[in-house]
Amino acid sequence: MKSKELSETIEINQQTPTKTILNPWQPFWAEQKEFDLKSGKYLKIWHGPQHPGVTGNMALELTLQGDVVVDCKTHVGYLHRGFEKLMERRKFIQCFPIVCRICVPEPDYNEYLFAAAVEELAGIQVPERGQWIRTLVLEMIRLASLTMGLGGQAGAFGLVPVGQWGVAHRDFILDLFEELTGGRIYHMYIIPGGVRQDFPDDEFPHRVELVLQKLEKLILDIEKLMFNNAVFKARTKGLGKIPAEWVELFGITGTNARAAGVPIDVRKDNPYLVYEQLDFEMILGSASDVYERSLLRKEEILNSINLIRQIFKKMPNKGEVRIKLPNVLHWKVPAGETYVRAETSRGEMGYYMVTDGSEYPRRVHVRGASYTHAMALLEQLAVGVSIADVAGLMVSLQTCPPEIER
Amino acid sequence: MSLKDVLSPFSAWKRTLEKPFTIKKPITEREGEDRYRGFHVNDIEKCIGCGTCEEICQNEAIDMVESYPITANKGDSGLRPQIDYGRCCWCALCVDVCPTGSLGMSNDYIWVTPNPDEWVFKPGIDEKEWKDDDKGYRRTEEAWLLDPEQEPMPVLEPEVRKNTFKEMAKGYQVTMALEEASRCLECGICIEACPTHMDIPEYIRAIRENRLEDGLKILYDTNPFSESCGRVCTARCQDVCVLGHNGEPIAIRWLKRYITDNTYEKRNEILGIGKPLPESDKKIVIIGGGPSGLTAAFYLRNYGYQITIYEKHDKLGGMLRYGIPEYRLPKEVLDREIKTILDTGVEVKYKVEVGKDVSLKELQETYDAVFISVGAQKGTEMPIEGMDTLGVLIGVDFLDRIAEGERPDLGEKVIVVGGGNTAMDVCRSSVRLGAKEVQVLYRRTEQEMPANDEEIEEAKEEGVKFEFLTSPVKISRKGDKLQVECIRMKLGEPDSSGRRRPVAIEGSNYVIEADTCVMAIGQKVDSEMAQQANIKTTRWGTFDIDPTTLQTNVKNVFAGGDCGFGPDDAIRAIADGKKAAYFINKFLTKKGEPLID
Amino acid sequence: MEDILNRLDQKFYVQARYVQRPNLAFVTLKKNVAVQAITYLRDVEGFRHLVMISAVDYIEQNMFQLTYILHNYQLHSDIAVRVELDRENPVMDSLHHLWAAAQVYQREIKEMFGIDFPGSPRVDEPMILEGWDNIPPMRKEFDTKKYSEETYFPREGRASCDPVKIMEKKLYRVEAEVKYEIKRVVRDNRNKSADAN
């Protein structure tokens, strides 16, 4: 069968680079390949920057031999809005509404990390209920992002119904966000000091539960349509294998690392917010291919559902959700430096913040979770892949250009 | 590949029978959630145009624009926000920061227009479908980004201060001042309310940035009595402070005091006082060394004129010295502040009463210009029987005596008649003089009392009793006690000042026994000197002046302060002094030309 | 954490150290030992994960600070290595050979700050800013507001009023004139006496 042959070539192509580490200063990832484009053997095409599914606007400069990629260079810059620079001329509170725009599917992680970094430097303690609500929001958005991501993954391989289901179910979660935060995509809800408001009413957890049940039902359908699908299996098994030893070399985190069997999860390793009080297991895979990563993300959805239920059960019923900040127009944060991190659905996201005692941050650096996945890693993984599978591969790495170029 | 994997995907077909997730067009039945952040709404009656929304907007989406029919007014700039929806990011920080709570967001989200100019509009003023929506995002108490609570001023405990004339308020510590200063929004609505229009946001910023020397300079740009004002000003600025709409206003007065408290030792050095000023050969006389006269002297000296002050008492300060008790304004504070003014090179003739010892006519002829600021020093008497009974005192005279250092014995029970700040000064001084029971009689209710709320509150803490809706009608003496006969009042129709007029209730007379009764019902101006120089006066006894230029009918004579406008507070007098300096200079430099366009 | 920092100090001389949290420490190292120290931290102390490389512009001190955050998966701790570079000639040794991820960070820093990493693959290729002809934009002297005002045009018909100025104009025109005139006179005198000193 043709797909089987293809996966064999993939393996050969991926094995070659790891064997050629001879010069320590010139490792395989630093090799510059030259192709004689005039020979007629190769074809160079641009894949993007229009995005094929949910990968975001980035371009791949692909050199093809037949329909197989022999070289890939990623190009970003289509979504660059200079957030890091903009923050340097905004007061701390004014940064709060722009950080969420660094990631479309998961804006709340930016809000949380920005708030956490400021709070750490300013010595602010968030009230307990505020912390629980933050955790809830983060898990809900992980759920939304994973649901859409899973749909995108299926869509990239032609399973459009799953994509539609995913987006529709994400919208049910966005409805909940609209209720809780007043916004659908960009919530601007986790503010330094806590969260903006408490639940709209006591019935809110119940309405969340209804959506969770819908999602559980959806997962059953997705299993049948996507994971027990001969075509999907044929196309994704063996595609985009990430060797476990690459995890550290490429700085791979999150589900991409866990699918390779490397047990790293910020929620477990460096628990933030209230994750220590929640009961969950790290989900690990081993095959490390696109199929495995999709499977893992499906498990993560179920895990998130479980976590949300736990949060409602364990969170305190009453209490402050935020503390008063000093007058935000003149708020000065003491000089300092810190790095805070959280586990997004794409991996470790972090904020490195430097303050100098003024009303403005000196420097904010956002470590986008997919920064290395989409840049260094994708360039290596795409080699040997059929052009038809490149989009699926990108989705499986969960590229997110806005957080790459910030 | 198993057969199961080939067949299982077909299970998706069952979903074809399900109701679609999508909503049919037009999307009418789906309203935005209660908290939805849609287009803005603005309660234009509540909004005061402070511009804090513009300040916090990171996208520069908000402009403050003039908005018919709203016009500028006391405590309202007349501006209203106009929002450019090409820039708005719907973050609602403007709503969360709004000090009055007027700004909100509707839950409307379905609106579109092809005309880009229509995306810029004034919420609450321009007609939009959602203009009166009450659903949508609103600021809640917990989400408010501002701190509604004032930093409390440390004061002596009531039990302690009851027995002493020592200053009651202790002044802010550094951290308190910084905390309080950081509450300021720098909108500048307060500047208009201050009669002398001090640059309040600027000096508060100086505190925040720990530039107290600059702060002092800013204070002296507009007010050479900043130290006294920092203690006793009626703080009209605080009445209009934006934060006062939903919380406590900034303690502007205490912040001013904080600057002067921390700089007075080096004041002359910081302000460059004592250094040579421009010199002119023109001479100006100022009659009355109160806040108004001294302020005029200070600024006229800066213009370079030679100044002589004629003062009736043996000390300067006017009502600040003789009208305000020591526990609010210590004499040493006043003395050092007056010294700063005199250090600019002002000549003072003490114990000379113009009109008696020297004629106004003579002064008007010998000097290039005259500024009359004699104040309103005469206490008003009540037109009732028994005003000359032993033990009946006049409020201002009483305070005058205390200021001179007298400590009269008032007996066990003191009655104070009146509801103004003078009445508060009298009753609280009486407490400190050892009266066991002090009772204030006021003919209206507490709401109508002209005294500052703070003063009333503190008087209550010190044990002063208040009796409202009552007024004395007759005072007589029986043995060693006064018999004060009072009549009950009720509130009738509002009068011209908008306060409801008290009306006596027939036959409700009753008698209160007391040792002393102090009348603190008002002051009037002693303007007898006016006729010596043919200066017109009004029927209230004040000098008849042009309200803008302070000029009297005699061209080189100006009058201001209480004797120009009737009894008012110190800051008003200071403002008049400053204004007089400006117009006297204009009068002297532009001979013959009109003073205003 | 302290032990690791002490060992690091013995080998490479830590100029300054600062423990922000029990699991996050900042150390300042000399430029010439930084790459060795990072290699040591990676290979001996187990800080195998390069979290990120970032730069901070301290224009007042004429210095760039490079920050390498390294993570140890066993200890769940981070060490952030800070290296101070001269702003006039910002060059740093590349560590693309240690981590594949490093080359991307270095490319970005080269583009955004103009800090060079000789030898790093494709370091001179533009990453985000194709066709950029201005100074590296993350440098403090690059003024985004000014740039956008020069490059783009604002929407027409937008103007804002200052509440203070409008109230002066509408409510107390004469008094405002008095205020500014008096203020000018007083300040002139004050400045003159200050100049005389």
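A polar contact is a pair of N or O atoms within 3.5 Å; within protein, one atom must be able to donate a hydrogen and the other to accept it, and residues adjacent in sequence count only if both atoms are side-chain atoms.

The model is predicted: local features need pLDDT of at least 70, side-chain atom pairs count only at pLDDT 80 or more, and totals for chains, interfaces and linings use all residues. Residues are numbered from 1 along each chain as its sequence is written, chains are lettered from A and ligands numbered from 1 in the order in which they are written, and side-chain values use heavy atoms, with hydrogens and water left out.

**Exercise 1. Describe the interface of chain A and chain C by its residues, area and polar pairs.**

Step 1. Take the residues in contact (heavy atoms within 4.5 Å). Chain A contributes 46 residues and chain C contributes 53 residues.

Step 2. Take the area. The size of an interface is often given as the accessible area lost when the parts come together. Buried area here is the accessible area (1.4 Å probe) that two parts lose on being put together, summed over both. For chain A and chain C this is about 4,300 Å², with 52% of it on carbon and sulfur atoms.

Step 3. Count the polar pairs. Between chain A and chain C, 31 residue pairs are in polar contact, both residues being at pLDDT 80 or more.

Step 4. Sort the side of chain A that touches chain C by class: 19 residues are nonpolar, ten polar and 17 charged. In this scheme Ala, Val, Leu, Ile, Met, Phe, Trp, Tyr, Cys and Pro count as nonpolar, Asp, Glu, Lys and Arg as charged, and the others, Gly among them, as polar.

Step 5. Count the salt bridges (a side-chain nitrogen of Lys or Arg within 4 Å of a carboxyl oxygen of Asp or Glu). The interface of chain A and chain C has eight. One of them joins Lys140(C) to Glu88(A), at 3.2 Å from N to O.

**Exercise 2. Characterise the aromatic pair of Phe39(B) and Trp111(B).**

Step 1. Apply the rule: rings of Phe, Tyr and Trp (its six-membered ring) pair if their centres lie within 6.5 Å; planes under 30 degrees apart count as stacked, over 60 as edge-to-face and the rest as tilted. Over all chains there are 36 aromatic pairs.

Step 2. Read the geometry. The ring centres of Phe39(B) and Trp111(B) are 5.5 Å apart and the planes stand at 90°, so the pair is edge-to-face.

Step 3. Locate the residues. Phe39(B) sits in the loop between α1 (3-7) and β1 (40-42) of chain B, and Trp111(B) in the loop between β4 (103-105) and β5 (120-121), so the pair ties together parts 72 residues apart in sequence. Both Phe39(B) and Trp111(B) are buried.

Step 4. Ring pairs link Phe39(B) and Trp111(B) into a cluster with Tyr85(B), Trp90(B), Trp119(B), Phe121(B) and Trp130(B).

**Exercise 3. Work through two salt bridges of chain B, Asp261(B) with Arg231(B) and Glu467(B) with Arg488(B).**

Step 1. Start from the total, which is 108 salt bridges over all chains.

Step 2. Take Asp261(B) and Arg231(B), whose closest N and O atoms are 3.1 Å apart. Asp261(B) is in helix α11 (residues 252-261) and Arg231(B) in helix α9 (residues 226-232), 30 residues apart. Asp261(B) is partly exposed at 22% relative accessibility, whereas Arg231(B) is buried at 6%.

Step 3. Take Glu467(B) and Arg488(B), with closest N and O atoms 3.0 Å apart. Glu467(B) lies in strand β14 (residues 465-467) and Arg488(B) in strand β16 (residues 481-494), so the pair ties together parts 21 residues apart in sequence. Glu467(B) is buried, with a relative accessible area of 16%; Arg488(B) is partly exposed, with 31%.

Conventions. Helices (H or I, at least four residues) and strands (E, at least two) are DSSP runs, numbered from the N terminus. Buried means under 20% relative accessible area, exposed over 50%, partly exposed in between (1.4 Å probe, protein chains only).
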